[in-house]
Amino acid sequence: MSSWRADREPAVCAAFASLTASVAEDLGPDRVVDTLSSECVRLLPIASTEIFLPGLELGRHPAVVEEGPARESFETGNDIAVHDLSAEVSRWPGYAAKMARKGYAAVSALPLRTVDETVGAIAFFSAETVVLSVEDRRLGRALADVATSCLLQQRELRHYRKLSEQLQTALDSRVVIEQAKGMLAERGGVDVGTAFQRLRSVARGTNRKLSEVARGVVDGTLDAGELG
């Protein structure tokens, strides 16, 4: 094992653990992005990062970047290495000038992707006109891959959580409708089919949800006159 890995192995392991903890602790996608950015700055010889994730809902990170290495890496799926940003004015006119004013001289960028999907990209900025070494790019790639996996797992969890909530809402609505049908049938001396027709008629006539009308019957807040 090289001295480079021996020196950094504990810090690298801690970075991976911090990223994966965001999924286990359900900390949200912003936390993953924040952790990826801070760990890259801590472990790589860079001054800052820029992360572009157009397909994810983030509170603290932009979903739109008009130009630059992160967007280009996302759109092309290619790695980018530019040792002199000032020479790329024709490539990224406004962007190159803006980053030069911030004191950045070089940039490398990597797409954030899996085998099936590219979700964004990360750009690494340096104050010196030198791109990341092969070893540093490998570490950056490993961190980016773990972060991408975490983001996609979180997205899947949010999808199934939302689906579960929708199914539970539908089940709750069905239960209260059945309760209301039974109550109306018993009170009015009619069958449950007729009771259901009365519920539906009130819902349509008052432009309310069927479950809302049924809830009014069950909790006694619906005017009996509305039910005919």
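Asp-145 is partly exposed, at a relative accessible area of 34%, where buried means under 20% relative accessible area, exposed over 50%, and partly exposed in between, with a 1.4 Å probe and protein chains only. The model is a predicted one, in which local features need pLDDT of at least 70 and side-chain atom pairs count only at pLDDT 80 or more, while totals for chains, interfaces and linings use all residues. Residues are numbered from 1 along each chain as its sequence is written, and side-chain values use heavy atoms, with hydrogens and water left out.

**Asp-145 and its partners**

- Asp-145 forms a salt bridge with Arg-141, with 3.1 Å between the closest N and O atoms; a salt bridge here is a side-chain nitrogen of Lys or Arg within 4 Å of a carboxyl oxygen of Asp or Glu.
- Both residues, Asp-145 and Arg-141, lie in helix α5 and are 4 residues apart, about one turn of the helix; helices (H or I, at least four residues) are DSSP runs, numbered from the N terminus.
- Arg-141 counts as buried, at 18% relative accessibility, whereas Asp-145 is partly exposed.
- A network of salt bridges links Asp-145 and Arg-141 with Asp-79 and Arg-137.

**Other salt bridges in helix α5**

- The search of the whole structure finds 11 salt bridges.
- Arg-138 and Glu-135 form a salt bridge in which the closest N and O atoms are 3.1 Å apart, and these two residues, 3 residues apart in helix α5, are separated by about one helical turn.
- Arg-138 is partly exposed at 49% relative accessibility, and Glu-135 is also partly exposed, with a relative accessible area of 30%.
- Lys-181 meets Glu-178 in a salt bridge at 3.3 Å, N to O, and this pair is likewise 3 residues apart in helix α5, about one helical turn.
- Lys-181 is buried, with a relative accessible area of 14%, while Glu-178 is partly exposed at 37%.

**Nonpolar surface patch**

- Tyr-160, Leu-163 and Leu-167 form a nonpolar patch on the surface, with about 300 Å² of accessible area together; accessible areas come from the Shrake-Rupley method with a 1.4 Å probe, and for residues only the protein chains shown count as cover.
- Patches are made of residues with over 30% relative accessible area and no salt bridge, like charges being joined within 9 Å and nonpolar side chains (Val, Leu, Ile, Met, Phe, Trp, Tyr) within 5 Å.
- Leu-167 lies in helix α5, which covers residues 134-188, and Leu-167 is exposed, with a relative accessible area of 55%.
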